[in-house]
Amino acid sequence: MAGGNERSMKALKEVWRRAENSLCADCGKPDPDWASSTLGVFICLSCSGIHRNIPSISKVKSLKMDHWDDAQVQFLAKHGNAVTKATYEAHIPIYYYQPTYNDCQVLREQWIRAKYERKEFTEPGKQLPYSDGVKEGILWKRGRDNGQFLPRKFLLSEREGCLKYFTKQDAKEPKINVKIDVINATFQPVKIGNPNGLQITYLKDNKTRNIFVYHESGKEVVDWFNAIRSVQFHYLKVAFPIASDNEIKNRLTRNFLKEGYMEKTGPKQREAFKKRWFTLDHRRLMYFKDPLDAFAKGEVFVGSRENGYSVQKGLPSGTQGNFSWHYGLTIVTPDREYLFTCETETDQLDWITAFTSVINQAMTPQEYASKCLDPISFLS
């Protein structure tokens with residue numbers, strides 16, 4: 001009996017060590033130490049918890065702590081991540097967002113359910129709830145002035161190339177009508193205070209406007225997210241006919257590079273530093289009095305190193321403004337220096353890393369045009 005266990009464990013380790021199984025099959029996290037005995041995939045602890053919620057589809061076991069019999073090991077050996085992915089991920093639309101281990105729970109859960117439970121990607125040309133170019137439904141939207149979430153009708157149209165929302169179900173005219181190419185969408189469960197919270201941003205008069213929404217159904221809010229990406233993709237395919245699919249995919253919705261509180265001072269650098277919420281959305285650094293503000297109080301364009309932009313640790317000597325946080329950083333631009341302080345050294349280093357990643361990238365022609373249209377503003 002002991003010999004059989006040793007033989008099974010040795011065979012299990014051999015399958016586990018295959019290169020194809022070195023990353024979680026669902027989120028890509030390195031060194032997965034769980035597996036599904038019914039699907040044949042190697043997964044991380046976090047994804048195993050999601051699999052456990054669909055027991056009719058997937059039965060998970062620890063590769064380190066649980067017993068695996070010969071038949072189960074042989075099943076893993078026959079399948080593994082590569083074979084299983086070839087079945088369940090055979091026909092993923094290029095615009096569909098495939099989450100990683102850094103993404104929120106609702107995205108990862110709906111990705112796993114879409115693959116194994118609903119089998120959305122096993123057949124070519126399958127009609128999906130986010131793929132037909134139009135989506136209409138109710139989302140709970142946060143009021144700009146009162147902060148209450150109220151049900152609002154939203155309409156997404158590929159034919160019109162826009163997203164609309166209406167304050168009343170029977171309203172003829174929308175409250176907003178936003179072109180699809182200026183929209184971004186990113187999940188913000190912590191900031192919004194709802195596990196299905198989605199932040200939709202768009203440009204109006206070249207300034208950023210925020211809308212915060214959620215839906216009780218995780219599937220519905222993720223379908224909205226991928227519907228936005230689908231409509232964006234097809235719109236951009238027409239607008240940029242010679243661009244490759246991957247180039248267009250890279251222009252779809254994006255996560256913010258970093259968000260969090262810092263202190264800032266005004267242009268004269270002698271005023272008291274004020275605590276503000278900052279969002280770095282690629283080359284746009286925006287700040288808000290409150291994380292859920294609809295409009296930014298100010299924006300800074302962050303260009304490239306070759307155009308005279310840099311980030312420096314600490315504040316210039318002789319800085320006169322009063323500040324309560326002591327981990328400073330300075331953004332240097334061709335026009336002026338912007339001074340910030342962070343609460344901890346970890347925050348300081350994380351912000352410096354985020355700014356450096358942007359500054360080290362060459363600017364695109366579109367970013368040059370954006371800078372010309374959007375003169376640097378940094379309001380007190």
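Reply: What follows starts with the whole chain and then goes residue by residue.

Keep in mind that this is a predicted model. Its protein chain has 380 residues, and 49% of them are buried. The secondary structure amounts to 10 helices and 17 strands. The surface of the protein chain comes to about 18,600 Å², with carbon and sulfur atoms supplying 51% of it. Charges are present on both sides of the count: 55 side chains are positive and 45 are negative. The centres of these two sets lie 3 Å apart. Among contacts with a separation of 6 or more, 54% join residues 24 or more positions apart.

Now the domains. The chain is divided into domain 1 (1-126), domain 2 (132-248) and domain 3 (256-372). The C-alpha centres of domain 1 and domain 2 are 32 Å apart. Between them these two domains bury about 1,100 Å², and 74% of that is on carbon and sulfur atoms. On the domain 1 side, Ile94, Tyr95 and Val106 lose the most area to domain 2. Together they make up 50% of what that side buries. In terms of contacts, 9 residues of domain 1 meet 16 residues of domain 2.

Is valine 41 buried or exposed? Its relative accessible area is 0%, so valine 41 is buried. Asparagine 21 is 20 residues from valine 41 along the chain, and their C-alpha atoms are separated by 7.8 Å.

Next comes lysine 119. Its place is in the loop between α5 (105-117) and β4 (134-142). Lysine 119 has a relative accessible area of 41%, so it counts as partly exposed. Its backbone deserves a look too. Most residues other than glycine have a negative phi. Lysine 119 has a positive phi, near 50°.

Histidine 282 also has a positive phi, about 55°, although it is not a glycine. You can find histidine 282 in the loop between β12 (274-281) and β13 (284-288). With a relative accessible area of 24%, histidine 282 is partly exposed.

Move on to glutamine 188. It sits in the loop between β8 (183-187) and α6 (189-192). Its relative accessible area is 11%, and therefore glutamine 188 is buried. Beyond its neighbours within four places in sequence, glutamine 188 is in contact with Gly193, Gly197, Leu198, Gln199, Phe256 and Glu259.

Isoleucine 211 lies in a strand, β10 (residues 207-214). With 2% relative accessible area, isoleucine 211 is buried. Setting aside neighbours within four places, its contacts are Lys141, Tyr165, Ile176, Leu198, Gln199, Ile200 and Tyr202. Lysine 275 is 64 residues away from isoleucine 211 in sequence and 22 Å away in space, C-alpha to C-alpha.

Glutamate 263 is in strand β11 (residues 258-264). Its relative accessible area is 5%, so glutamate 263 is buried. Not counting residues up to four places away, glutamate 263 touches Phe273, Lys274, Lys275, Phe323, Ser324, Trp325, Leu339, Phe340 and Thr341. Methionine 65 is 198 residues from glutamate 263 along the chain, with 48 Å between their C-alpha atoms.

Finish with methionine 363. This residue lies in the loop between α9 (345-359) and α10 (365-373). Why does methionine 363 count as buried? Its relative accessibility is 10%, and buried means under 20%. From methionine 363 to aspartate 205 is 158 residues in sequence and 22 Å in space, C-alpha to C-alpha.

Note on methods. Residues are numbered from 1 along each chain as its sequence is written. This is a predicted model: local features need pLDDT of at least 70, side-chain atom pairs count only at pLDDT 80 or more; totals for chains, interfaces and linings use all residues. Side-chain values use heavy atoms; hydrogens and water are left out. Helices (H or I, at least four residues) and strands (E, at least two) are DSSP runs, numbered from the N terminus. Buried means under 20% relative accessible area, exposed over 50%, partly exposed in between (1.4 Å probe, protein chains only). Contact means heavy atoms within 4.5 Å. Accessible areas come from the Shrake-Rupley method with a 1.4 Å probe; for residues, only the protein chains shown count as cover. Lys and Arg count as positive and Asp and Glu as negative; His and the chain ends are not counted. The place of a charge is taken as NZ of Lys, CZ of Arg, CG of Asp or CD of Glu. Domain bounds come from an automatic or database domain assignment. Buried area is the accessible area (1.4 Å probe) that two parts lose on being put together, summed over both.
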